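Welcome! Please take a moment to look over the sequence and the model before reading on.

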Amino acid sequence: MTVQNEPNRQEREEISVLKKENLELRDELERRESRWAAASERYKGKISALERETTELKQELKVMEEQRLTHWMKQVESKTSDEQQEQTKRAKRKIPTNQAVVRQAAHIKQTDRHEEQTNLTWQSTGVGSKMGKGKLSGQVQKVPGRSPKKAVNVKSENKSVQFRGDVVTSSEEGVQEKMPSDLKSEGKQKDQLVEYPDGRTEVIRADGSKTIHYPNGTKKDVSSDGLSIVLSFFNGDIKKISPNQKVMYYYAETKTQQTTYPDGLEVIEFSNGQVEKHYPDGTKEVIFVDQTVKYLFADGSQESVFTSGVIQRVATNGDVTIEHPNGQREIHTSEFKRREYPDGTVKTVFTDGRQETRYSSGRVRVKDRSGQIVVDNSGSSL
């Protein structure tokens with residue numbers, strides 16, 4: 001029995017199809033890998049720059065917060081010192097005010113006693129009988145330099161002292177009296193504006209929320225409970241902290257949004273529609289614009305799911321496994337490339353050019369690098 005040296009028509013067609021598919025897959029894989037590598041390097045550079053900028057901004061915020069606390073402590077100490085000085089002044093001013101009140105009250109009492117004695121003297125000498133009763137009463141009541149009505153009203157030691165007739169008023173120093181307009185607007189609380197020496201301004205609202213404006217143009221909005229914070233940076237970046245500790249950072253220059261969740265998940269959304277997810281276990285998921293999904297695992301292995309249904313897995317040693325929707329399976333290693341068909345047929349092409357086909361029926365056919373059959377199904381060799 002002679003061995004055929006030339007492949008038949010069907011075998012030539014199969015070889016041609018396999019070579020064509022192999023070349024197409026290799027070219028497609030190389031194109032995709034080059035695009036992925038370029039995009040990965042570009043994104044790594046952007047992320048590194050953004051991380052450096054974020055670190056610098058955090059340091060700047062820390063310094064500004066320390067300056068704010070230092071200035072606030074100085075204000076508190078200054079206010080306490082001013083209050084102590086004011087209390088000392090008040091204590092010194094209480095003595096002369098009280099002495100004036102005592103002297104005025106004693107003078108009024110002495111004048112009243114003098115009037116009573118004068119009236120009794122006139123009545124005892126009979127002057128009252130010679131003069132009319134009404135005239136005497138009129139002369140006694142009209143005392144030069146005094147009003148007929150005299151009243152003393154001492155409210156308290158620390159508040160105002162008033163006299164009707166000869167009026168003496170002494171208000172406690174440092175107490176601001178409310179005008180009628182102030183009384184009308186007493187129930188309406190207005191926003192409080194605080195200005196700091198470093199140029200910051202802080203607006204504190206009635207509900208407890210506040211807005212801080214920094215000299216470089218950055219603005220910080222804090223909710224009344226302090227759990228929601230929005231930072232609008234001078235370069236257009238925006239950082240939002242939600243009550244559930246979810247942090248969203250928007251990069252204005254690249255139009256990229258990075259969201260960090262409390263469980264450690266990070267989601268990066270790029271302006272072109274690409275989305276990256278970084279999981280706490282080190283796994284990275286990349287969703288490309290064409291909806292191709294690529295997984296980068298912590299051990300170095302990869303998995304890509306294409307929209308056509310093709311799934312490609314890359315092991316840590318570099319071996320590639322491709323699964324097609326029609327049930328075919330490819331294995332690419334450094335030694336061979338193999339395709340497995342649903343009917344059980346397995347075709348292998350080695351790096352030295354040899355080809356091996358194993359059919360489900362048990363038939364085995366081997367060709368050398370020149371395409372000549374060296375083994376047929378009967379197991380004979382050349």
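## Where the model comes from

Please keep in mind that this is a predicted model. The residue numbers used here start from 1 along each chain as its sequence is written.

## A first stop: S209

Let us begin with S209, which sits in the loop between strand 4 (201-204) and strand 5 (210-213). Is S209 buried or exposed? Its relative accessibility is 11%, so S209 counts as buried, the cut-off for that word being under 20%.

Which residues surround it? Setting aside neighbours within four places in sequence, S209 is in contact with V203, I204, V222, S223 and S224. There is also a polar contact, at 2.8 Å, between the side chain of S209 and the side chain of D207.

## A second stop: R363

Now move along to R363, in the loop that runs between strand 21 (355-358) and strand 22 (364-367). R363 has a relative accessibility of 32% and therefore counts as partly exposed, a term for values between 20% and 50%.

If residues up to four places away in sequence are not counted, R363 touches E11, T357, R358 and N377.

## The largest cavity

Two or more lining residues come from each of helix 1 (9-124), strand 20 (346-350), strand 21 and strand 22. Helix 1 gives the most, with four residues. Sorted by class, the lining has six charged, three polar and three nonpolar residues.

Around it lie L57, E60, L61, M64, Y214, N216, T218, F233 and F234.

What is the make-up of this lining by class? For the second largest cavity, there are six nonpolar, two polar and one charged residues. For the largest cavity, the corresponding numbers are three nonpolar, three polar and six charged.

How values were computed:
Predicted model: local features only at pLDDT ≥ 70, side-chain atom pairs only at ≥ 80, totals over all residues. Heavy atoms only, no water. Buried < 20%, exposed > 50% of the residue type's maximum accessible area, 1.4 Å probe, protein only. Contact = heavy atoms within 4.5 Å. Polar contact = N/O pair within 3.5 Å; in protein donor to acceptor, adjacent residues only side chain to side chain. Nonpolar A, V, L, I, M, F, W, Y, C, P; charged D, E, K, R; others polar. 1 Å grid on protein atoms, 1.4 Å probe; cavity = no way out; pocket = protein on both sides within 12 Å on 5 of 7 lines; lining within 4 Å.
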